[in-house]
Amino acid sequence: MANTKEIQKRMKSIQDTMKITSAMYMISSAKLRSAKQKLENTEPYFYALQSAISRLLRHIPDAKSRYFDQHEEIPDDKKRRGYIVITADKGLAGAYNHNVIKMAHELFEQGENNKLFVVGELGRQYFTKEGLEVDTEFKYTVQNPSLHRARVITERILELYNNNELDEVYIIYTKMENSFSMEAEMMKLLPLVKEDFMGKAPVDIYQEEIKADTTMQDILEHVVPNYVNGFIYGALVESFASEHNSRMMAMQAATDSAKEMLQTLSIEYNRVRQAAITQQITEVIGGAKAQKKKKKK
């Protein structure tokens with residue numbers, strides 16, 4: 001059985017760790033609130049772009065655009081796919097990184113002409129360790145998602161897509177269903193599917209006319225990249241929120257475990273201390289009896 005000094009040392013170590021986990025919980029809580037606010041502020045812009053594409057396609061349903069070309073002439077196993085994978089720069093976030101990396105790894109190995117675009121240091125380290133080539137790594141983006149950094153990713157993706165180096169582009173990120181549930185999700189960014197934007201409008205709704213100085217196809221070519229950029233930014237912010245929500249849950253669990261360990265150690269400390277006091281009293285009584293017997297002799 002450990003002595004009182006050893007138990008006190010363990011308790012001090014756990015208390016120090018608990019201070020760290022509590023601080024990390026508070027930091028992640030503040031960052032989560034900031035991320036949610038960012039998402040709320042940019043959602044109207046994203047939905048406005050989606051609505052603009054829907055209006056354009058309603059007027060030009062037969063429009064030809066490389067952003068809607070499904071490349072049906074290319075066999076599925078020959079298509080060149082790009083995967084944007086959003087991970088974190090740090091760990092201690094439960095299964096957050098594991099779920100995204102596992103999904104990305106499985107999808108990447110399904111084809112031979114795939115390219116990886118990794119956001120986050122942990123993802124880069126994992127794929128490098130596995131010997132999988134990363135086409136482009138976007139540093140410093142995870143901890144501070146912004147429209148500018150999303151645009152950097154978009155420009156690289158569109159450069160390859162427009163140069164026919166990629167036939168399809170997917171993004172793998174973590175979607176926060178609620179405060180207790182985060183799911184790794186894959187969404188197809190390019191090419192877009194017209195049916196996703198062309199929902200049937202009610203018969204009694206006025207169908208407006210659109211007049212433009214340029215062709216509708218040219219407008220579409222300009223709007224779609226902004227839509228892709230908006231989606232990437234939304235995925236970055238949602239992943240950022242999911243990361244800190246996962247870290248909050250992990251730190252809360254660690255703090256609760258530390259409290260349970262302290263309670264257990266406190267009981268053990270009291271038992272050891274009580275046993276030591278009892279032993280000391282027994283030794284004093286034993287010594288007193290020995291002295292008493294010595295005097296009688």
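A pocket, as the term is used here, is an open set of points on a 1 Å grid over the protein atoms alone, with protein on both sides within 12 Å along at least five of seven lines. In this predicted model, the largest pocket holds about 580 Å³ of space.

**The largest pocket**

- The lining of the largest pocket is made up of 27 residues, and those lying nearest its centre are F46, Y173, M187, Y227 and F231.
- Two or more lining residues come from each of the helices α1 (4-59) and α5 (216-296) and from each of the strands β4 (168-178) and β5 (181-190).
- Sorted by class, the lining of the largest pocket comprises 17 nonpolar residues, six charged residues and four polar residues.

**Nonpolar cores**

- The largest nonpolar core contains 46 residues, and the members with the most contacts inside it are I53, F68, I84, I171, Y227 and I232.
- Elements contributing two or more residues to this core are the helices α1, α4 (147-162) and α5, together with the strands β1 (81-86), β2 (114-119), β4 and β5, and α5 gives the most, with 14 residues.
- Which residues does I171 touch, once its neighbours within four places in sequence are left aside? I171 is then in contact with I84, I86, E185, M186, M187, L189, F231, I232 and A235.
- Another core, lying apart from the largest one, has 12 residues, including A104, F127, Y170 and I172.

**Domains**

- The domain assignment divides the chain into domain 1 (2-18 + 250-294) and domain 2 (20-200 + 219-248), and the C-alpha centres of these two domains lie 54 Å apart.
- The contact between them takes eight residues from domain 1 and 11 residues from domain 2.

**Local features**

- Is I27 buried, partly exposed or exposed? I27 counts as partly exposed because its relative accessibility is 48%, and that class lies between the limits of under 20% for buried and over 50% for exposed.
- The peptide bond leading from L190 to P191 is cis, with omega near -10°, and P191 is found in the loop between β5 and α5.
- N164, in the loop between α4 and β4, has phi near 60°, which is a positive value in a residue other than glycine.

How values were computed
Residues are numbered from 1 along each chain as its sequence is written. This is a predicted model: local features need pLDDT of at least 70, side-chain atom pairs count only at pLDDT 80 or more; totals for chains, interfaces and linings use all residues. Side-chain values use heavy atoms; hydrogens and water are left out. On a 1 Å grid over the protein atoms alone, a cavity is a set of points where a 1.4 Å probe fits but cannot get out, and a pocket is an open set with protein on both sides within 12 Å along at least five of seven lines; lining residues have an atom within 4 Å of a point. Grid points are joined across faces, edges and corners, and a volume is the space filled by probe spheres set on the points. Helices (H or I, at least four residues) and strands (E, at least two) are DSSP runs, numbered from the N terminus. Ala, Val, Leu, Ile, Met, Phe, Trp, Tyr, Cys and Pro count as nonpolar, Asp, Glu, Lys and Arg as charged, and the others, Gly among them, as polar. A nonpolar core is a set of buried Ala, Val, Leu, Ile, Met, Phe, Trp, Tyr and Cys residues joined through side-chain atoms within 4.5 Å. Buried means under 20% relative accessible area, exposed over 50%, partly exposed in between (1.4 Å probe, protein chains only). Contact means heavy atoms within 4.5 Å. Domain bounds come from an automatic or database domain assignment.
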